[in-house]
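Hi everyone, thanks for coming. Please take a look at the screen, and I'll walk you through a few parts of this protein.

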Amino acid sequence: MGRVSATPGTIRDMRAALLASAVLATPVVITPAVLATPVVITSAVITPAAVIPAAAAPAALTAPAVSGRACSGVPSDFDGDGRADLAIAAPYATVSGHARAGSVTVLYGMRAERRLTQDSPGVPGEAEAGDAFGAAVATGDFDGDDCADLAVGVSEEDRPGPGADGKGVVQLFRGSPDGLRPGKMIDAGDLERGRGPDRFGAALAAGDLDGNGDDELVIGVPGLGGGGVGIYGYRGRAPYVITQDSGWVDQPERKTDQFGAVVATGDFDGDGRAEIAVGAPADTVLKNGQGSVTVLDVRRRKAVQLTQDSPWITGRAEAWDLFGAALAAGDFNADGRADLAIGVPGEGLTANQRAMDYGDGTVVVVYGARGGLRTASSEAWSQRGLKGRPHYADRFGAALAAGDFNGDGDDELAIGVPGENAVQVLAGTRSGGLTKRNNLLITGRGGDFGSALAAVPGRDLVVAAPGLGRLTLLRGSLRKGAHPGLRPATARTFATAAGDTLFGYAITRAGS
C-alpha cells in the first residue's frame, strides 16, 4: 500500500507533479534557475568539459556533418556512426527565461553533447513556462531508414490555466547521418481526438506492432477520461487512440485511473509483432489505486488485464499499491519471447504503514509464452529475499530496465530503489529466468538515485539521480550464467546538471 504523498523539495513531488493527474497530486512549487543550467560531462570515460554556457543560444540540432554514410541500424544510433547515443530529459529546465519549459540533452556516442528545446532551430512552437519538454522520451526507427529517431513528450504544453493539466504534444526528431533533425509535431488532433487537458505524451514507447520492420510510436494520454494510448504509424491505418472504453478492451473507466501513464512494448508471444503493455497505476479495479496493467494485441484486437488478484500472481491487490507504475520488457530466459517486469512500488511489507504513503515495494515478473504472457509462470521479487532489506518508503520497483549486462544472450533486470538511493540487479538464466543468485545491490549518493534507469548497448547501465541532476554509468562484463554482469567498481558520474531541472528524469533505452 502507499500512494504518492507530497513532501516539498523531493524528487517524489516532482514526479507526482509531472506524471500524476491534477486530480491526484498537489502541484509542487520549485524555484527555477534564472538561466538554463549547463550540462557538464565529467567522467574519465567520457570526454570532459563539454559544457553549454547557461546564457548561450541553443546548440544546433545536428551532429557534425558526415557525408556519404548510411545509417547503421544500431538501436539508439541517431547519427549512423555505429555507436549508441543517449537522450536525457530535464523537463524542469529553464529555457530562455521560461521556468520548467524543459530540455533534452543528446550525447552522440555518449560524448558529444547537443541540447534540444522548443526554441531550437526548426522545432515547431516555442518554449513556454511549464511545458515540461522531456516529460517522456523514446527512440525507435519510425521511418525504416535504419537511423534511430527520437520522440519527446511535452505533456504540459498548452495548459488552460495555473494548476491545470496540459493538453500536450509529442515532438519527433528524425535520425540521419548528420544527426537528429526536427520532424513533425503530433497532438491529439492527429489521432482524430479533440485537444483537452489530457497530458498527451506523458509516456512514450516504440515497437514494431505490425511486423513490417520499422517501429510504431505508442503515446500515453493518461488524462483522457480514465486515460488512453495513441498508436501512430501502424501500417494501413490512420493514427488512433485506444481507451478502457474501447469495445475490445471493455474495462470500467474512472477519471483517476491514469491508464497510459506508463507504456512499454514487447513481443510476448514470439510471433514477430510487438504487443503493448499499458500501466494504469491508480486504477481502482476493486481497491482504491491498486493499479493494473493491460496487454494490448492491436493486430488481434485482444486485451488482457493483469492485477495482483490475477490467477497465480503472488500477493493480493491492496489500496495504493500502484501496480504498473513501472514496466520493462526483456527476455530473461532466452526463449525468444519477451517477458514483462511490473513495478509495484506502493506495496507495503513493513508493518503499520499508513494509507496513501510510500511502500517498501515489489516487482512482479510474468513470462512470455506461445499464447502470450502466462501468469502461471509469474514470480514476485522484493528485498525480503535479496541483498538489502525492505524499508518503509524504499519504493522498490519505481523504475525498471532490462538488458544483457553479462553478454550471455539472456537479459538481466535492474530495479530502481530510489527511497534507498539504490539499484538492485538480478541475473537472467536459460534454466528458469531471473534468479537471486549473485544479485547485486548498488548504492548511490542521494538525489533519489535509481529513479530512472536505461540499458545501453555494450552491456552498460545508466542510473539517474534526478534530484541531484546526476547520471552514473555502470559497465557490464562478459560472464555467462547467473551473474548480473555489472561491476559496481566501474561506477562513474558522467553527466551532471542542476537538480531543480530534473536532469535524468527520463532516459532513452536501447531499442525502446
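Let's start with strand β2, residues 103-108, which runs antiparallel to β3 and is joined to it by 5 bridges. Strands here are DSSP runs of E with at least two residues, helices are runs of H or I with at least four, and both are numbered from the N terminus. Two strands pair if DSSP finds at least two bridges between them. One of these bridges links valine 104 with leucine 116 in β3.

A quick word on the source: this is a predicted model, where local features need pLDDT of at least 70, side-chain atom pairs count only at pLDDT 80 or more, and totals for chains, interfaces and linings use all residues. Residues are numbered from 1 along each chain as its sequence is written, and side-chain values use heavy atoms, leaving out hydrogens and water.

Back to our strands: β1-β2-β3 is the order of an open, antiparallel sheet of 3 strands.

Now to arginine 470, which sits in strand β26, residues 470-474. Beyond its neighbours within four places in sequence, arginine 470 has contacts (heavy atoms within 4.5 Å) that include Arg445, Thr493 and Phe503. Arginine 470 and phenylalanine 503 are 33 residues apart in sequence, with their C-alpha atoms 7.1 Å apart in space.

Finally, the whole protein: it has 1 helix and 27 strands.
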